[in-house]
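Let's take a walk through a two-chain model, one piece at a time. Keep the picture open while you read.

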Amino acid sequence: MLAIIRTAIASLRRDKASLALSFVLPIAFFGIFAMIFGNQRDTVPRVNVIVVDQDQSTASRSLVRALLGESALHAYTHPDAKPNQPTPPDYTAATAQAAVKAGDVSVALIIPQGWGANPVAFGPDHEAVKIGMLNDPSDPIAPQVVTGMLQKDAMTALPATMANEGFKYEKQYFGDLTPQQQKRWHSYLDQLNQIESDRAAGKTTADDTGNSDGFSSGGFVPVQKQAVAGQTQNKPIISYYAAAIGVMFLLFTASGAAGSLLDEADSGTLDRVLSSRVGMTTLLAGKLGFNMLLAFAQLTLMFLFAWAVFHVDLWGHIPGFVVMGICTAFAVASFGVLLASICKTRGQLGALSTLLILVMSSIGGSMFPRYLMSDALQKAGQFTLNSWAIDGFTKVFWRDQPITALWPQIAVLVAVGAVLFALARRIARRWEFA
Amino acid sequence: MSATAAPIAVTTLPLAIGGLVKRFGSLTAVDGVSLTLAPGECLGLLGPNGAGKSTLIRAIVGRVIPNSGTVSIFGAPAGSAAASAALGWVPQELAIYPRLTCAENLAAFARYHGLSSRELKPQIAWCLQWAALEDRAKTIAGTLSGGMKRRLNMAAGMIHKPRVLLMDEPTVGVDPQSRNRIFEMIEAIRDQGTSIIYTTHYMEEAERLCDRIAIVDHGRIIAEGAHAELVRNSFGSRSQVIARVTGSPAAIESWTARHNGRANDGAVEFTIDQPTEISLLLADAASSGIELADLALRRPNLESVFLYLTGRELRD
């Protein structure tokens, strides 16, 4: 038995790259997952939310101000300034809806006209004007976070309004206060009114540094939720995961298939092929073409399964699916060919491809949605094929966007595929001649 | 890719190598080799493992870029489309697709060489028949016996009807029966006029198949000629006496040295000019207390030539 162990160790030692990767792989994964989940307490992903104030009342301005200052949210009232538009106009209900539909933000809050007159709802018979919440159901977390923050901010930003509304309800259900009680109540209400108007004007008050004790939250601000994307989908997350899981396995398949290059180099078949009229460029292009076909077939099967079992609307999105499928297949096929040309043995290819694919998949959104990750990881995810492919498929199947809207994803996937293939061709020169 | 090769002048030699040198770092694998191959000739490259035979073959097919020297195939440089069309290569490794059937393997290599769909079927049929694999056309290559895989490996080298076939130790690891079948295949194409370069370290194969033999050692050709010519050049009309004897080792060693013999594989070999010298050898053995167990007289072979030229066994 010792002899067998010795032989196995000696073989592993000869393949230094595999040896290194077999130790690097688990450490790399541990690091990545620790980054994603371990730091959640410090770097909770902030939800992007557009706020449209149609009311322009003291109460609505206070609320907007509070939402803009909310640490758990990235609230915007207008798009970011651009060189050609240094002071962009505020969002309207229509532009906010378009932004949610396009996936720029997950939630938009529309504070309608008249909301400030009666902002709090206590009873079931209440007919107050409700804040509109437009949301993208592909992100089920964001609306809940925004709803909670809205309640909290309403409580802390509108103390006088809250108290006044509460007083009205108290009078309605318990009767009038004594004159002395009313005097004390109005004195306190004056203080709260001062705080509220200061906040609407953007002034910092002494109370802002304290907590919100005394104002319990819990749905006092009525919100009307409305999904503005994926209305035709009955299983919002299915089309997301069909693309997400599909891309991850495409990468594995492409790397494995491209590994035939290494087998052929080992067996001498590659030499024999290259001694015929087939040159290295033709050979690699052939491998790329095969990998693309395989990847596209795999994606097709995945979406057919999603259609048959989960009723994803494949037939209504064929052009977008074909375009995204071809671009994704091209990029992953090039990735596989590049890995095969870099590695010297199947062992190296297995370890390196596992490392890269799992890292790309974890930060690129194939394992869990990117909106659950911190801002830094979401940005890092943009350097993966997974995120571009998933974004493209999401645009097609979830947001019902036209093919023209896919141009960033198409451009990136095709460009990355071309660069990876060119690199693979360059590295494959080692097989050409001795 | 076009199936038509550039025209090759028929008057040009199938293969001409001039001053070929190939170094790998500090190792000189091929050291100034010059060779020609005549139309329809079978040239054997005989040498021990590591002599540089395979590197020479790979330089001919354009898979090795030489440091200096030239290789031309019917006048076309190695690695050119014309040279690739004229050359067939049977590598030492089993360079076939193990998961494809025999017919699929042949079709793949035919297409790589640019054969048209029209040519494909008859050429595959010919190759299968040549390799005696007609009944295995649909058998997965990986499931064939070792000998059959070797024959398929050879057939893949002949699929595009090359005029020059390079065979790099095609009988490695093959049983005697399959080896004979392979010899018959080579003899068949040789008789049809295909020029062949055949590398081996088995002198029997070189003797049987090759019109001319180049003995390769340390990347150089140390002797070249027909079998009889090589023997004559090294030994003239001399013969070899192989004696198996018993007696004291010291006496045997002394007796061997006195007659310029050498111990080999439990026997003692002597080179003699005349058969009458045998009686002198035997008389000296008897007087030294050495008993004769067995005695044979033979003409020197290529093994003897290699030993004579290098001082080493061919299989060292």
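This is a predicted model: local features need pLDDT of at least 70, side-chain atom pairs count only at pLDDT 80 or more; totals for chains, interfaces and linings use all residues.

The notes below go from the chains, to where they meet, to a few single residues.

## Before we start

Residues are numbered from 1 along each chain as its sequence is written, while chains are lettered from A and ligands numbered from 1 in the order in which they are written.

## Chain A

Chain A has 434 residues, and 41% of them count as buried. Here "buried" is a matter of counting: 20 or more other C-beta atoms lie within 10 Å of the residue's own, while 12 or fewer makes it exposed and anything in between partly exposed, with C-beta atoms placed from the backbone. You'll find 17 helices and five strands in this chain. Those are DSSP runs numbered from the N terminus: helices are H or I with at least four residues, strands are E with at least two.

Chain A splits into domain 1 (47-206 + 215-227) and domain 2 (232-432), with bounds that come from an automatic or database domain assignment. The C-alpha centres of these two domains of chain A are 45 Å apart. Where they touch, domain 1 of chain A gives nine residues and domain 2 of chain A gives eight. A contact means that the C-beta atoms of two residues, placed from the backbone, lie within 7 Å. On the domain 1 side there are four nonpolar, three polar and two charged residues. For that sorting, Ala, Val, Leu, Ile, Met, Phe, Trp, Tyr, Cys and Pro are nonpolar, Asp, Glu, Lys and Arg are charged, and the others, Gly among them, are polar.

## Chain B

Now for chain B, where 42% of the 316 residues are buried. Its secondary structure comes to 11 helices and 14 strands. The C-alpha atoms of chain B fill a box of roughly 80 × 45 × 35 Å along the principal axes.

Chain B also has two domains, domain 1 (14-231) and domain 2 (239-299), and their C-alpha centres lie 41 Å apart. Among contacts in chain B with a separation of 6 or more, 72% are between residues 24 or more positions apart.

## Where the chains meet

How many residues of chain B are in contact with chain A? There are 19, and they meet 13 residues of chain A. On the chain B side, the elements giving two or more residues are α2 (81-86) and α3 (102-112). By class, that side has 13 nonpolar, four polar and two charged residues.

## The nonpolar cores

In soluble globular proteins, nonpolar side chains tend to be buried together. A nonpolar core here is a set of buried Ala, Val, Leu, Ile, Met, Phe, Trp, Tyr and Cys residues joined through C-beta atoms within 7 Å. The largest one has 139 residues, and those with the most contacts inside it are A:V332, A:L385, B:L106, B:A155 and B:L166. Helix α12 (residues 318-342) of chain A supplies the largest share, 13 residues. A second, separate core has 42 residues, including A:V64 and A:Y91.

Take a look at B:L106. Leaving out residues up to four places away in sequence, B:L106 touches B:I124, B:C127, B:A155, B:A156 and B:I159.

## A few spots in chain A

A:A244 sits in helix α8 (residues 236-258) of chain A. Is A:A244 buried or exposed? It is buried, because it has 24 C-beta neighbours inside 10 Å. A:S366 is 122 residues away along the chain, but the C-alpha atoms of A:A244 and A:S366 are separated by 4.2 Å.

In helix α9 (residues 260-267) of chain A, the residues A:L261, A:L262 and A:E264 are buried. Seen down the helix axis, they fall within an arc of 165°, so they line one face of α9(A); the arc is taken over directions from the axis to the C-beta atoms. Just after α9(A), A:G268 has a positive phi of about 90°.

Most residues other than glycine have a negative phi. A:Q56, though not a glycine, has a positive phi near 55°, and its place is in the loop between β1 (47-53) and α3 (58-68) of chain A. A:H311 isn't a glycine either, and its phi is positive at about 60°. A:H311 is exposed, with 12 other C-beta atoms within 10 Å.
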